[in-house]
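Could you walk me through this model in my viewer, one selection at a time? I would like to know what to pick next and what I will find there.

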Amino acid sequence: MVTLKQLAKMCNVSPTTVSNVINGKAKASEETKKRIMDMIKETGYKPNFMAKGLRAKKTQMIAIIAEDIAQFSSPPIIESIMDHLERRGYRVTVHNLRLYDRWADTWYDQEKAYHSVLDPVIQDIFSVQVDGVIYLAGHSRIIRCFNDDFPLPAVMCYAFSDSSKIPSVVIDDEKSAFDMVSYLVENGHRRIGFVGGRADNIHTIKRLLGYQRALYENGILFDPKLVHYGDWSREAGYESAKALLPENVTAFFGISDLMAGGIYDFLEEKGLKVGKDISVCGFDNESISAFFRPALTTTSLPLAKIGEISARLLLDKLENINNEEDDDKGREDNNPKVISVPCSMVIRNSVLKI
């Protein structure tokens, strides 16, 4: 790791000048500021405020790093985090990486591009000396953004951290899918089409496990021909319905409401009435689901609860307090690695009993 003095020497300035530039207090020329910031980016220098004793007192400020606030799941989580922290006297800053807006879904394995956006933001939060960080993902996966020696208390929200020192808060995809498929079975359905997202996506994998477990526990043999994958879009739902209807399914489980919309589109083309001739259910409880005709039976994500638990975990780390009121399932100690929060079913009119 490059030290402050080494960085100053590389830039041919004093350590004080470097420190002032990092903290936004510099009276240096624009040329000098640029030279210092370019060298910080080149060397990957990170001021370790905690280790160096530069943080004399708490700032009562928390940073949320969001992959993209345009993702439908992000605003409710951010609102919940902010509400909980602000009621405890903390100020909150939100840093929007805009990853989906920049690169759609092409950036997941592009480490260089990802860090070109993430690293400057981490540098910024170090420079303003926040007390802790919550990283908010756009979808569930294992994320490598904080090392084990990351100097600030941190929580991973809506995804899994690869660091055992950073707790994660996620939705319980498997249990939620199990509940939905069990509901379909209770209504007499045995040929249930599974309309999945990307096959390697954690949400898809865990929801498929829930689907399979519900079939198994009800004595129904799993048929891989009833599983079709897509890309979470309405068009993918349409293509999946087209592929699965010839398999004599009586119900479709679309694991996103957008894909369920595509299923509706295809069935309407075929003259089949959802809720009367065939059943459809979704996942996410996005606002569009209530406007389908008939209204879509789906699964509501506990987004506000995820935000609240993430805030509590960070406060536990910051203040070393025990949240005795927290009785959420999956919590086994005061610093668990993963908390899985169950979803709830929203029963509407798209499932018929046979």
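Here is a short tour, from a sheet to the helices and cores. Keep in mind that this is a predicted model.

**Stop 1: the sheet.** Start by selecting the six strands of the open sheet, whose order is β2-β1-β3-β5-β7-β13, with parallel pairing. Its edges are β2 (91-96) and β13 (338-341), each of which pairs on one side only. Look along the sheet and you can follow the twist, which averages 20° from one strand to the next.

**Stop 2: strand by strand.** Now zoom in on β3 (residues 132-136) and β5 (residues 154-157), a parallel pair with four bridges. Show isoleucine 134 together with valine 155, its bridge partner in β5. Moving along, β5 and β7 run parallel and are joined by two bridges; here cysteine 157 stands opposite valine 169 in β7. On to the next pair: β7 and β13 are parallel over four bridges, and valine 169 stands opposite isoleucine 339 in β13.

Stop 3: Select helix α4 (residues 74-87), which lies across β1 (61-66), β2, β3 and β5. Compare its direction with that of β1: α4 runs at about 175° to the strand.

**Stop 4: the cores.** Next, which residues have the most contacts inside the largest nonpolar core? Select Ile192, Tyr211, Phe252, Phe253 and Val280, in a core of 67 residues. Helix α11 (residues 303-319) gives the most to this core, with eight residues. For a close-up, centre on phenylalanine 252: beyond its neighbours within four places in sequence, its contacts include Gly193, Val195, Leu244, Ile263, Leu267 and Val280. There is also a second, separate core of 27 residues, and Met61, Ala63, Trp107 and Ala159 are among them.

**Stop 5: a helix crossing.** Finish with helices α1 (residues 4-11) and α3 (residues 30-43), whose axes come within 10 Å and cross at roughly 125°. Because of that angle, α1 is oblique to α3. The crossing of α1 past α3 is right-handed. To see where they meet, show Leu7, Met10 and Cys11 in α1 with Arg35, Ile36, Met39, Ile40 and Thr43 in α3.

Terms used
Residues numbered from 1 in each chain as written. Predicted model: local features only at pLDDT ≥ 70, side-chain atom pairs only at ≥ 80, totals over all residues. Heavy atoms only, no water. Pairing = 2+ DSSP bridges. Axes fitted to C-alpha atoms, helices over the stretch in contact; angles between N-to-C directions. Contact = heavy atoms within 4.5 Å. Core = buried A, V, L, I, M, F, W, Y, C linked by side-chain atoms within 4.5 Å. Buried < 20%, exposed > 50% of the residue type's maximum accessible area, 1.4 Å probe, protein only. Parallel < 35°, antiparallel > 145°, perpendicular 65-115°, else oblique. Left-handed = near helix turned anticlockwise from the far one by under 90°.
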